[in-house]
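Me: I am new to this structure. Please show me how to read its features, one at a time.

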Amino acid sequence: MGEKTFAKIWGEVKAFLTLRSLKVRIFVIILIVGIIPSVFMRAAIVDNYEERAVDYRISSVQNQLLVVSNHLLNNNYLVTYKSDEPAYISSRAVIDAELEMISNLYEGRVMIIDSRLKVIKDTYGISEGKTIISEEVIRCLRGENTYNYDQEHGYIEMTTPIVDSSAAGGEEKSSGKVAGVMLTSISNGSIVEMMESLNRNSLVIEELMIVVIVALALVLSVVLTKPFARVTEAVNEMSAGYSDREISVPDYTETSQIVDAFNQLMRQMKVLDDSRQEFVANVSHELKTPMASVKVLADSLLMQENAPAELYREFMEDIVSEIDRENRIITDLLALVKMDKKAQELNIAALNINDLTELILKRLRPIARKKDVEVVFESMRTVVAEVDEVKITLVMTNLVENSIKYNKEHGWVKVELDADHQFFTFRVSDSGLGIPEEELPHIYERFYRVDKSHSREIGGTGLGLAITKSAVLMHRGSITATSVEGEGSCFTVRIPLTYISQ
Ligand code: ADP
C-alpha cells in the first residue's frame, strides 16, 4: 500500500514537472494570465507617474523662471549687476530674493549666465564670475529650452533663455534676442518620495492579488479537472468489477465523449465475451453428442449378456462412425482456430485456379456419384491468381461438398469460373434443398445448421461455411449466397487476382 501511495505521489510530481497534468497546466495558465498583467500594471503606473510628475515640475519651475526673467530684463540685471547705484542695488536685491525663493522652493540652484557665458549670479554663490561652457547653455543662447532629468542622481537640470523681446523690436518672444541663460537644477526629492509610496502601496495590492490568483488557480485547477478524475474513478471501479453498468460523466462534452467511447468498447467486449461463451458451450455440446452416443452403444452391449457377435460388430461400426464424427469436429475446430489467428501468415503463390478446380472436382466426384448427382464445370477463361493453395482448396471443397451433400437424388451441381481484370469469381450452384431466406444470414455462424438432424446425419459439423468465410476474408475477398427453398442454392466467391497484404 505504502509503495503504491509513493508511486502515485511520484507520478504526480513527475506530471507536475513535465506539465503533463491538465491540472498543472490550468494552474500555470491562470497564474501567468493573472500575475503578469498585474506586475506590468504596477510598473506602468509608477513609470507613468514619474514622467508626468517630472513634466509638471519642469513646467511650473519654468513658469516662475519666466517671470523672473522678465524682472531681470526690466531691471537691466544682466548689465548692472556690478553697479553701485542704490537704485540698482535695491532692484537687484529683489530679484536675488526671487531667485533664492525659487531655489529654496525646489531644493535647487539657479545660475544666471550672460551672453558671454559668464556666471553673474549663482544662488549657491560658488560659481559667480566663472565662465560656463556647456552644450546646453550654448543651445539655450540660441533660443532653445533644454532640460535633462538625471534619474540616477535625483535632479532635473534645465536651461531657460532670457529673451529680450524689445531688442529685436518685434512683439513675438521667439524673434527676441537672447540676453542670457538661466541654468537651473532642482531636486526630484518629492517625486521620488511620492513614487516610493506609490510603489509600496501598489506592491501590497500586487501581493494581495498574487495570493488571490494563486488561490483561484489552485481551486479552479482542481474543480475544472474533477470530471476527469471522476472518469478515471468510474473506469477503475468498472475494471475492479464493482459494477457492470454503463458509466456516465456528463459534466463536459469531452468527458461525455470519452465515456461514450469507453461504453461502446465495453459493449463490444461484452458481445465478444458472449459469443466466446456461446462458442465454448456449442463446442462442448457438439463434442458431447458423439461421446454420449458411444456411451449408449457401449452400455447397451454391456447390458446384454451373451450378445451375438453380429450385434457386437454392428454396434462397433456405429461406435467407429461416432468416433469419426468426433474427429471431424475436432479437425474442423482446429482449422477454424488456425483461421482466427490474424497474425498467421498466408502461403501466397500464383496458382492456376482452373487446374485446382479440376483436381478438387475429381476428388469429390465419387461422393457425387453415390448420390447420383451430376457435377459440371464451366470455365470462361484461364485464371491464375495469387492465393494460399490450402485455404482456397478448403473454400472450394466446402462449397462443392455442401452442394452435393444438400442435394436431391439425381440432382446437379454447376461450378463456374470467371475473372475480370481485378477479381476471379468461383460460383457453385445446385439443384438442392435450398436454404430458407430467413436462415441465409446465419449460415456462416459456427455450428449453425439449417436442419440439425439432417446435417448431422450426412456428417455435417456446422463449421464448414464459417471456415470458408474466414478463408475468403483472409484473401480480402467476398462470399455471397442466394437460395430458393426446395429449388437450390448459389454461392459466389470473389477473390482479388493479386494478393493485397494489409
Ligand atoms: P455443415 O458442416 O453442417 O455442412 P456448413 O457450415 O457447411 O455446415 O453449412 C451450414 C448449413 O448451411 C448446413 O447445415 C446446411 O443446412 C446449409 N447449407 C450449406 N450449403 C448448402 C447448400 N448448398 N444447399 C442447402 N443448404 C446448405
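Me: How do the residues of the shell around the ligand divide into nonpolar, polar and charged?
Reply: Ala, Val, Leu, Ile, Met, Phe, Trp, Tyr, Cys and Pro count as nonpolar; Asp, Glu, Lys and Arg are charged; the others, Gly among them, are polar. Here the shell has 8 nonpolar, 9 polar and 3 charged residues. This is a predicted model: local features need pLDDT of at least 70, side-chain atom pairs need pLDDT 80 or more, and totals for chains, interfaces and linings use all residues. Numbering starts from 1 along each chain as its sequence is written, and side-chain values use heavy atoms, without hydrogens and water.

Me: Which residues come nearest to the ligand?
Reply: A residue is near a molecule if one of its heavy atoms lies within 4 Å of it. Of the 20 residues around the ligand, the nearest are Asn 402, Tyr 406, Ser 455, Thr 461 and Leu 465.

Me: Which polar side-chain atom lies 3.3 Å from a nitrogen atom of the ligand?
Reply: A polar contact is a pair of N or O atoms within 3.5 Å. That atom belongs to Ser 489. The side chain of Tyr 406 has an N or O atom 2.7 Å from a ligand oxygen. A polar backbone atom of Val 450 is 3.1 Å from an oxygen of the ligand.

Me: Which element gives the most to the shell around the ligand?
Reply: Helices (H or I, at least four residues) and strands (E, at least two) are DSSP runs, numbered from the N terminus. α11 gives the most, with 3 residues.

Me: How many salt bridges does a search of the whole structure find?
Reply: A salt bridge puts a side-chain nitrogen of Lys or Arg within 4 Å of a carboxyl oxygen of Asp or Glu. The search finds 17. In one of them, Lys 121 meets Asp 96 at 3.9 Å, N to O. Lys 121 lies in strand β2 (residues 119–122) and Asp 96 in helix α4 (residues 86–105), so the pair ties together parts 25 residues apart in sequence.

Key. A polar contact is a pair of N or O atoms within 3.5 Å; within protein, one must be able to donate a hydrogen and the other to accept it, and residues adjacent in sequence count only if both atoms are side-chain atoms.
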